[in-house]
Amino acid sequence: MTAAVEFRAVTRHFGNVRAVDGVDLTIEEGSFFAMLGPSGSGKTTCLRLISGFEKPNDGSIRIFGQDVGDVPPNRRNVNTVFQDYALFPHINVRDNVGYGLMVKGVDRRTRNDRAEEMLALVKLSGYGDRKPAQLSGGQRQRVALARALVNEPRVLLLDEPLGALDLKLREAMQDELKALQARLGITFIFVTHDQGEALSMADRLAVFNEGRIAQIGTPNDVYARPRTRFVADFVGSSNVLPPDVTRAFGGPAAWASLRPESLHVGVAEGATPTGTVTGLRYLGAGSRLTLDVAGAEVAALVPAGQPVPATGSTVGLRFDPASLHVMEGEG
Amino acid sequence: MHSDRASLSLRASAIAGLLFLHLPILLIFLYAFTTEEKSYEFPPPGLTLQWFGVAWSREDIWPPLWLSLWVASISTILAMILGTLVSAAMAQTKFFGREQISLLILLPIALPGVITGMALRSAFSIMDIPFSTWTIILGHATFCIVIVYNNAVARFRRLSGGVMEASADLGANGFQTFRYVLLPNLGTALLAGGMLAFALSFDEVIVTTFTAGQQSTLPIWMLQELVRPRQRPVTNVVAIVVFIATFVPILIAYYLTRNGSDIAGSGK
Amino acid sequence: MTTRTTLKLLGSTTLALITGLTPAMAQMTSIGPGEGELSIVAWAGYIERGETDKAFDWVTKFEAASGCKVSVKTANTSDEMVALMNEGGFDLVTASGDASLRLIAGGRVQEINKDLIPSWSTIDPRLQDAGWHMVDGKHYGVPYMWGPNVLMYNTEVFKEPPTSWNVVFEKMDLPDGKSNEGRVQAYDGPIHVADAAQYLMFHKPELGITSPYELNEDQYKAALDLLRVQRTLTSRYWHDAFIQIDDFKNEGVVASGSWPFQVNLLKADNQPIASTIPQEGATGWADTTMMHVDSKHPNCAYMWFEHQLSSNLQSDLSVWFGANPAVPAACTDGRGMQTAEGCTANGLDDFDKIKFWTTPVSNCSQGEGACVPYYRWVSDYIGVIGGR
Amino acid sequence: MSPAPAILPERGLADRLTALFWRHPRLLLAVLLTPPLLWLGVVYLGSLAALLLQSFYSIDEFSGVVKEEFTLKTYGELFRAQNMDIIIRTLLMSAVVTVGCAILAFPIAYYAARFARGKWKAIFYLGVMLPLWSSYLVKVYAWKLILAKEGIVTWAADGMGLVPVLDAVLSIPGIGGNSLSTSYIGTFLVFVYIWLPYMILPMQAALERVPTSMLEASADLGASRSQTFRTVIFPLAMPGIIAGSIFTFSLTMGDYIIPQIVGNSSRFIGLAVYQLQGTAGNTPLAAAFAVVPIVVMLVYLWVAKRKGAFDAL
């Protein structure tokens with residue numbers, strides 16, 4: 001498989017701020033790739049570097065093997081679904097969708113037919129005559145999607161596409177986007193700060209921190225084997241153990257991560273380590289305990305139906321040693 | 001109860017304020033019909049319709065009227081071009097000197113007109129430029145730029161920056177983006193700004209007296225008529241006609257800009 | 001306009017052009033064909049083409065005969081006339097005595113050749129060589145008209161004509177029993193200092209004033225003090241004839257120094273207005289038509305010089321403005337509307353009682369640098385009006 | 001789906017120019033800014049420089065010809081008592097007019113921004129705009145008639161038996177006079193009237209940006225009307241007031257027509273500049289006078305900028 005997008009030592013800074021700092025990245029063609037990170041971590045800048053709205057100060061970007069350092073956005077066969085959709089307010093939905101064809105000089109009839117096809121694809125048949133202002137948030141999002149797809153781009157960029165939608169709609173759209181990508185077979189690159197969204201949708205994901213990629217891999221890799229404390233912290237809600245606490249858990253003197261759901265709470269006798277219950281939160285599907293283990297705060301999940309120890313009591317912790325993940329990186 | 005209804009005193013003072021703004025205008029209307037010719041006295045000694053006919057047949061009204069229309073049209077066009085260019089630049093990026101430029105645009109309207117007028121006159125005399133229609137236009141366009149700029153920049157601010165990028169993203173080159181996205185969205189704001197600039201130029205007298213030389217614009221003609229009255233009510237007739245003629249463009253400007261937060265037309 | 005040096009250079013080049021032309025400008029020796037245009041700076045009402053009153057038109061016929069189209073720029077004060085002529089672009093100016101010498105000194109007007117003006121000999125001999133247009137034996141203009149600054153008053157308040165200027169200078173009760181505060185006006189021009197001086201000349205002989213235009217420091221200070229009293233009586237000064245007319249009609253003004261022009265217009269409007277020259281005498285103006293040094297239409301200008309002396313123009317003008325013609329024959333030859341009685345009413349016989357406007361200079365009959373020059377009159381009068 | 005090329009071909013000049021501007025964004029900025037900067041920076045600032053230059057010349061007092069030699073003499077003249085009077089008088093009047101406009105404008109702007117809806121909104125808008133755009137000169141002359149001794153105010157006062165009140169007002173020393181039209185009160189009234197719309201519009205714009213919820217929040221927290229006004233509405237309206245005051249202050253400072261027609265003949269800066277330059281031909285002193293409003297307005301704009309008032313203009 002060829003690489004759809006390739007970053008080689010790409011740096012982009014704004015004044016003194018290094019928004020993107022020496023990023024190397026390869027995104028396979030046909031994959032569903034997520035860029036995950038807190039705001040200001042450089043993920044959106046990476047997206048804008050691909051679409052051409054930003055230019056790298058250093059390094060090179062290739063799209064399907066071609067260097068795009070000199071190619072303005074309008075000539076890149078890459079389309080974007082913008083975070084705020086950026087629909088043209090003065091024209092109707094059909095013309096919005098057909099816009100990309102119009103500027104290429106496609107005649108009106110063909111353009112309208114293609115626009116209707118696209119609207120059907122995003123389940124908005126019959127909405128062509130409306131103005132963007134007359135649509136709901138979810139509908140606008142679909143129009144933005146249809147508009148971006150009408151040009152048959154080889155890469156589709158999505159900038160926090162679901163951020164403005166409510167929870168239920170978001171979940172439905174996640175499934176739809178995933179299905180659409182599978183059907184069209186084109187490369188989707190999407191940016192999100194929601195780790196759940198990234199984990200559930202992406203084939204591969206890159207976790208960004210302070211302009212660099214902290215880790216890149218499949219969702220399972222990243223979730224189960226975070227390379228750094230930052231990744232462990234940001235992706236899911238792992239216990240991050242300092243070296244001496246790792247030792248108390250029977251591991252080497254190094255930073256390690258341990259998922260709360262991997263810890264089983266039982267009697268203190270014969271267990272290593274032990275901890276004191278300091279807090280308790282009921283979650284419905286179980287309870288989340290906060291424990292003091294060797295001076296560090298550690299979380300553990302108690303599934304529903306099992307006895308919940310009282311606050312202040314001492315309990316023993318048992319776990320599969322394989323689930324104690326020692327991290328390579330420090331940061 | 002706090003937010004829905006205005007208190008009686010607020011409503012009363014607001015309406016009283018509006019009436020205060022209109023009392024002299026009623027008077028202008030009244031004195032267009034007075035029988036007294038050379039000076040004003042209150043109450044007017046009698047009423048007549050003759051001044052409308054007299055104004056129509058006065059030949060000396062027409063050249064200033066045409067000159068004013070011509071000057072206002074050219075100044076407005078120039079101001080629209082320059083104002084749009086600078087607002088596009090200001091909306092685009094942050095750059096060094098941005099603040100200074102915004103101050104510079106504001107200056108011709110923030111400094112008293114007598115200063116602008118006198119400065120231009122000094123420059124004309126130093127450069128040995130003879131007074132002409134173009135020297136009037138030069139002055140007018142200078143202070144009209146800010147009107148167009150204010151309207152355009154407010155619209156740029158409201159227009160999410162994304163739509164221009166979206167257009168480029170979809171394959172449009174810069175000219176297509178300008179034609180299909182920018183112009184339709186900016187159009188009404190430019191039109192509103194242009195109409196207000198026109199009205200401003202049409203009524204300007206403070207700067208014009210310095211830049212006009214021998215020619216008379218309509219306001220200068222009025223000034224001459226008012227200090228040297230022969231058939232003084234004729235000036236009132238002209239004022240009424242201009243008042244009614246500006247009513248429509250102002251109304252249109254209002255409907256073009258009313259959906260935005262940009263209040264059109266502040267500034268003179 | 002890139003640097004100051006360029007500015008300076010351009011500025012001085014312009015100046016050099018203007019000043020450089022002055023000596024090179026030879027006096028005209030013959031009148032050629034007209035250039036088709038003539039622009040005149042004039043007092044309001046001086047150059048009428050029948051727009052205000054159809055009977056008074058002395059431009060239309062001139063245009064037809066000479067082919068010179070006349071355009072007029074009205075000036076309200078002598079200072080404005082000097083400024084306009086300094087700016088340039090005009091051919092002629094109807095300058096009063098307080099402007100004419102300044103124009104000559106500034107090199108803004110050119111010497112004229114009276115041999116090219118056949119009617120020169122008909123001019124009143126008292127005006128032919130008057131000091132306000134003749135310097136070093138050279139003539140710089142053609143006399144146009146002269147008149148007194150009269151005391152205009154409301155006949156309902158003054159049953160008898162006031163005999164003294166004190167009604168506008170001193171706080172007093174007028175014949176109707178009410179104070180004159182806020183009911184009198186004065187001219188909004190520095191030359192009005194001379195009116196005060198003339199009043200003092202009569203009432204305070206101990207000051208030793210010999211001419212209201214030649215004042216030493218003490219005399220000048222006394223005049224300013226009198227004007228400060230007048231400030232307390234005056235609501236608003238007048239500089240525009242028509243605003244003064246308005247003020248007499250609806251501002252309750254009943255007495256003021258004025259021109260016969262306003263008097264005639266108010267009388268024509270059936271207002272209770274009359275005028276007089278009180279016992280102190282009056283200042284007055286004698287206006288001279290002068291030609292700009294860079295006049296682009298000299299032939300038309302000389303045609304106008306001749307035209308302005310024609311007795312029917314002089315006659316109509318003197319009726320219209322309520323003043324005296326520069327050509328005395330116009331009073332009596334019946335070619336215009338003026339009559340001998342009219343000229344008498346306008347003060348033709350008072351010539352000697354009138355102190356004509358002239359520019360105050362520091363070197364005067366009292367000695368070198370003994371008198372207060374005009375520029376101080378300008379700034380101090382602004383101060384007096386501002387209440388200082 | 002047949003794979004389209006990753007890079008689309010370049011079509012014509014428009015695409016080439018687009019690419020050029022994309023590669024060099026400064027170039028686009030330069031193209032956009034050059035004409036307006038040439039106009040404003042060279043023509044306008046150049047003219048102001050020409051004006052300033054003149055203030056360092058002096059005038060020959062007798063012939064009235066400008067002497068083009070560098071001197072500070074003209075600035076010395078500016079500090080003469082009668083000229084300082086003019087400056088102080090003008091600045092005071094501008095300040096009082098600005099405050100007067102702000103007080104009168106507030107209820108109109110507040111009502112129009114917060115309560116007027118639909119038709120009433122349009123009426124308020126037109127009601128403010130029409131006087132703004134109807135002939136300035138004719139309005140001023142109408143005021144002369146309103147304020148004259150035998151004018152409308154007197155006539156109305158007579159009809160309502162308020163003549164003693166009018167007389168009392170006119171007898172106030174310093175600002176009173178023989179009639180409203182010849183007193184500082186009259187000048188003030190006309191200034192306030194003529195510039196009022198310039199205060200209402202930016203104030204209304206600023207108030208319209210205040211979210212209703214913010215006022216409700218304040219009321220919710222137990223603030224009385226006057227507390228809400230003092231602590232919420234007034235500070236939020238402030239940028240609008242400052243923006244409006246730029247106009248009222250500057251316009252009052254520079255006007256030369258109103259003080260000629262209404263008032264007691266005392267000079268204001270605008271009138272002094274106009275007469276010194278236009279009628280007296282003393283351009284150097286006029287230029288020196290003109291420096292005063294320029295300095296005042298530059299300071300004013302600097303303060304306004306810091307208060308964020310420019311957005312409300």
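In this predicted model, the secondary structure of chain D comes to 14 helices and 2 strands. Chain D is more spread out than a compact globule, because its radius of gyration is 26 Å, well over the 20 Å that the globule rule gives for 313 residues. Among the 5 pairs of chains that touch, the most contacts are between chains B and D, whereas chain A and chain C do not touch.

- Of the contacts in chain D with a separation of 6 or more, 66% are accounted for by residues 24 or more positions apart.
- The side chains of chain D include 22 positive and 16 negative ones, and the centres of these two sets lie 9 Å apart.

**Chain B: an all-helix list of elements**

- Chain B has 11 helices and 0 strands, and its elements, read from the N terminus on, run α-α-α-α-α-α-α-α-α-α-α.
- Of the 268 residues of chain B, 63% count as buried, while the accessible surface of this chain comes to about 10,100 Å², of which carbon and sulfur atoms hold 69%.
- In chain B, residues 24 or more positions apart account for 71% of the contacts with a separation of 6 or more.
- Thr188(B) lies in helix H8 of chain B, which covers residues 174-203, and this threonine counts as partly exposed at 27% relative accessibility.
- Leaving aside neighbours within four places in sequence, Thr188(B) is in contact with Arg155(B) and Leu256(B); the C-alpha atoms of Thr188(B) and Asn151(B), which are 37 residues apart along the chain, are separated by 9.4 Å.

**How the chains meet**

- The pair formed by chains B and D, which has the most contacts among the 5 pairs of chains that touch, brings 100 residues of chain D into contact with 100 residues of chain B.
- The size of an interface is often given as the accessible area lost when the parts come together.
- Between chain D and chain B, the buried area is about 9,200 Å², and carbon and sulfur atoms give 78% of it.
- Trp39(D), Tyr44(D) and Trp133(D) supply 10% of the area that chain D buries against chain B, which is more than any other three residues supply.
- Chain A and chain C, by contrast, do not touch, and their nearest C-alpha atoms are 34 Å apart.

- With neighbours within four places in sequence left aside, Arg114(A) is in contact with Leu101(A), Val150(A) and Glu152(A).
- Lys123(A) has its place in the loop between helix H3 (108-121) and helix H4 (137-149) of chain A, where this lysine is exposed, with a relative accessible area of 57%.
- The phi of Lys123(A) is near 60°, which is a positive value in a residue other than glycine.

- Helix H9 of chain C (residues 241-250) is largely enclosed by the rest of the structure, because 10 of its 10 residues are buried.
- The buried residues of H9(C) include the charged-type residues Asp246(C), Asp247(C) and Lys249(C), and also Phe242(C), Ile243(C), Ile245(C) and Phe248(C).
- H9(C) is followed by Gly252(C), whose phi is positive and near 75°.
- Asp136(C) sits in the loop between strand E4 (134-135) and strand E5 (138-139) of chain C, and its phi is near 50°, a positive value in a residue other than glycine.
- At 73% relative accessibility, Asp136(C) counts as exposed, whereas the residues of H9(C) are buried.

Methods. Residues numbered from 1 in each chain as written. Chains lettered and ligands numbered in written order. Predicted model: local features only at pLDDT ≥ 70, side-chain atom pairs only at ≥ 80, totals over all residues. Heavy atoms only, no water. Helix = DSSP H or I, 4+ residues; strand = E, 2+ residues; numbered from the N terminus. Rg over C-alpha atoms; globule rule 2.2 N^0.38 Å. Contact = heavy atoms within 4.5 Å. Charge placed at Lys NZ, Arg CZ, Asp CG, Glu CD. Buried area = accessible area lost by both parts, 1.4 Å probe. Buried < 20%, exposed > 50% of the residue type's maximum accessible area, 1.4 Å probe, protein only. Areas by Shrake-Rupley, 256 points an atom, 1.4 Å probe, with all protein chains shown as cover.
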